[in-house]
Amino acid sequence: MKGGKSWGVMVVLVVVLLGMWEVKTSSAAPSAAECKEERRLAINACKPVVYGKDPSPACCERARVTHLECVCPVITPKLAALIDVNKAVRLIEGCGRKVPRHYKCGSITTP
């Protein structure tokens with residue numbers, strides 16, 4: 001991928017995938033502003049993953065605390081087409097998260 005926009009899209013995609021399997025048990029759904037902040041924090045923590053580095057402890061922590069409601073709505077068919085789901089699953093599991101089989105989040109379904 002070339003250019004700043006493509007790089008930004010890859011960062012968002014990795015972060016979205018890293019955070020999509022954590023279901024929060026709190027009774028109140030996060031606000032739009034809270035979701036935006038969660039995604040911003042995750043993008044900043046996980047930028048090195050785009051360059052082929054392993055997720056840092058901070059990135060893995062963001063993956064564990066990100067609300068499902070904040071990430072699934074942003075996974076459109078266009079974004080899903082750019083994601084290597086198998087690689088994303090390996091990264092997520094490397095952070096200690098179990099990834100359910102055949103799980104649908106936005107336009108992605110896990111293998």
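**Checking the labels**

Mentor: Let's start with Arg64, whose relative accessible area is 29%.

Trainee: Why is Arg64 called partly exposed?

Mentor: Buried means under 20% relative accessible area and exposed means over 50%, with partly exposed in between (1.4 Å probe, protein chains only). Arg64 has 29%, so partly exposed is the label. Glu61 gets that label too, at 37%.

Trainee: Before we go on, what am I looking at?

Mentor: This is a predicted model: local features need pLDDT of at least 70, side-chain atom pairs count only at pLDDT 80 or more, and totals for chains, interfaces and linings use all residues. Numbering runs from 1 along each chain as its sequence is written, and side-chain values use heavy atoms, with hydrogens and water left out.

Trainee: What makes Arg64 and Glu61 a salt bridge?

Mentor: You need a side-chain nitrogen of Lys or Arg within 4 Å of a carboxyl oxygen of Asp or Glu. Arg64 and Glu61 come in at 3.4 Å, N to O, so the pair qualifies. They sit three residues apart in helix α3, which means about one helical turn between them.

Trainee: How many salt bridges does the structure hold?

Mentor: Two. Arg40 and Glu37 meet in a salt bridge at 2.7 Å, N to O, and they are also three residues apart, in helix α2. Both are partly exposed, Arg40 at 40% and Glu37 at 35%.

Trainee: How do you know where the helices are, and how many helices and strands does the chain have?

Mentor: Helices are DSSP runs of H or I with at least four residues, strands are runs of E with at least two, and both are numbered from the N terminus. That gives six helices and two strands, in the order α-α-α-α-α-α-β-β.

Trainee: At what angle do α2 and α3 pack?

Mentor: About 145 degrees, with the axes 8 Å apart. Axes are lines fitted to C-alpha atoms, for helices over the stretch in contact, and the angle runs from 0 to 180 degrees between N-to-C directions. The residues making the contact (heavy atoms within 4.5 Å) include Leu41 and Ala45 of α2 and Ala58 and Val65 of α3.

Trainee: Which classes of residue make the contact of α2 with α3?

Mentor: Eight are nonpolar, none polar and two charged. Glu38 of α2 and Arg62 of α3 take part, and Glu and Arg are in the charged class, so those are charged residues in the contact.

Trainee: What makes Cys70 buried?

Mentor: Its relative accessibility is 1%, and Cys70 is found in helix α4, residues 68-71. Leaving aside neighbours within four places in sequence, Cys70 touches Pro30, Cys35, Glu38 and Arg39. Pro30 is 40 residues away along the chain, yet the C-alpha atoms are separated by 7.7 Å.

Trainee: And why is His102 called exposed?

Mentor: His102 has a relative accessible area of 57% and therefore clears the exposed mark. His102 lies in the loop between α6 and β1 and has a positive phi of about 60 degrees although it is not a glycine.

Trainee: What makes something a nonpolar core, and how many residues does the largest have?

Mentor: A core is a set of buried Ala, Val, Leu, Ile, Met, Phe, Trp, Tyr and Cys residues joined through side-chain atoms within 4.5 Å. The largest has 11, among them Leu68, Ile83 and Val99, and helix α6 gives the most, with three.
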